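Q: Please show me how to read the features of a two-part chain, one step at a time.
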Amino acid sequence: MNFEDFIIPPKKIRAEKWQIGDKIINDIKEDGIVLLFVSDYRGADGDAESQDFTGVRREFYKLSQLDFDIPVIDLGDLVSGRTIHDSHYILQEVLSACHYKNAIPVIVGGSNDLAFSLFSALNFHQNNINYTQISNVVSLKQDEEIHESNFLSKILGSKNFSIKNYHHLGYQKHLNEMDSVRLIKEVQFDIIRLAEMMNSTEKTEPYFRKADLVTINCDAIESFGEPFSMNPQVNGLNRREICAYMKEIGLSEKLKSVGIFNYNIYSDSQLNHQLLAQMIWYLIEGINIQRSHPKEKSYETFYVLINDEKYAFKREVFSNLWYFGEDDNIDNCIPCSRSDFDEAKKGFLNSRFTRS
């Protein structure tokens, strides 16, 4: 498929030698990071007219490129299809082209239902996907037409999709129908409240460590002044917290695809443009750091006795990251935090470690 037919190349933006804009290229490269901007908000009852992302690009291009070795590609702006299904189809074709080259696509803009396309495209290339979503709402409606209120039920309920773990982070009680929250818990997927994510990434970092796919609903980020998201909220992750989490996403050992959805595409606020640009930058920094980590890893094992039962925790020596389990294959152990280990020493074992 010829991408030139449905991708508008980005406008030329001048950048200094030390800025990341100076190293931006426009063709998908092996093991690169591919940015694609999307204007289709029909899944959130919006429109699909092409919007100008130049303000965001200007803020992103002028950030430092530090010692980034990874190719950074800006493919441009995706032209919306005649229908929302056409947009999903076109997007999946672009995503698949990225996966064939082991590149990480980062989709910026569009409504939250586009996560369905990210999952679908990745599912074509691998099984047993670990999916982590940051969103203030949990919606499992069953409507036929794809929408941001039902895309998750389509992912979790499809016989054609292979999902290993799903983690939902940042939900807010006062915004949610409790039946959906209860159902997520009943099928033993993790659901984490906003309060548990605030101030520090330590407790929730384990939910990103093995993630293949991560999507961020910008409605989970607080808005002040001009709205940052399409459905602005006064409560949410603050600016520093979301950038810290973007870095944690980049540090995932298995990251294959990222989506940043429901950004307020109509915003003229330079500060909103800066925040989105810096979110992308911290994601890239995390990926760059992860690529520099040694491939060979060593672990220390610690045992904890609780009610005459012995449990093993492992600490990865280089990164100081923790795991629960005794299996020699670390992929069979559960990512956890140091605080989980400390709580176990006090006799309190996190319930997610003992699920059948």
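A: Domain bounds come from an automatic or database domain assignment. The model here is predicted. Its chain is divided into domain 1, residues 3–292, and domain 2, residues 299–353.

Q: What distance separates the centres of domain 1 and domain 2?
A: Taken over C-alpha atoms, the two centres are 31 Å apart. The contact between domain 1 and domain 2 draws on eleven residues from each of them.

Q: How much area do domain 1 and domain 2 bury between them?
A: The size of an interface is often given as the accessible area lost when the parts come together. For domain 1 and domain 2 the buried area is about 870 Å², with 48% of it on carbon and sulfur atoms.

Q: How many salt bridges are counted between domain 1 and domain 2?
A: The count is two salt bridges. Lys210 forms a salt bridge with Asp331, and their closest N and O atoms lie 3.3 Å apart. On the side of domain 1 that touches domain 2, helix 6 (residues 206–209) gives the most, with three residues. By class, that side of domain 1 has nine charged residues, two nonpolar and no polar ones. Across the interface, four residue pairs are in polar contact.

Q: Is Lys12 buried or exposed, and where does Lys12 lie?
A: Exposed means over 50% relative accessible area. Lys12 has 80% relative accessibility, so Lys12 counts as exposed. Lys12 sits in the loop between strand 1 (7–8) and strand 2 (33–38). The C-alpha atoms of Lys12 and Thr54 are separated by 9.4 Å, with the two residues 42 residues apart along the chain.

Key. Residues numbered from 1 in each chain as written. Predicted model: local features only at pLDDT ≥ 70, side-chain atom pairs only at ≥ 80, totals over all residues. Heavy atoms only, no water. Helix = DSSP H or I, 4+ residues; strand = E, 2+ residues; numbered from the N terminus. Buried < 20%, exposed > 50% of the residue type's maximum accessible area, 1.4 Å probe, protein only. Contact = heavy atoms within 4.5 Å. Buried area = accessible area lost by both parts, 1.4 Å probe. Salt bridge = Lys/Arg side-chain N within 4 Å of Asp/Glu carboxyl O. Polar contact = N/O pair within 3.5 Å; in protein donor to acceptor, adjacent residues only side chain to side chain. Nonpolar A, V, L, I, M, F, W, Y, C, P; charged D, E, K, R; others polar.
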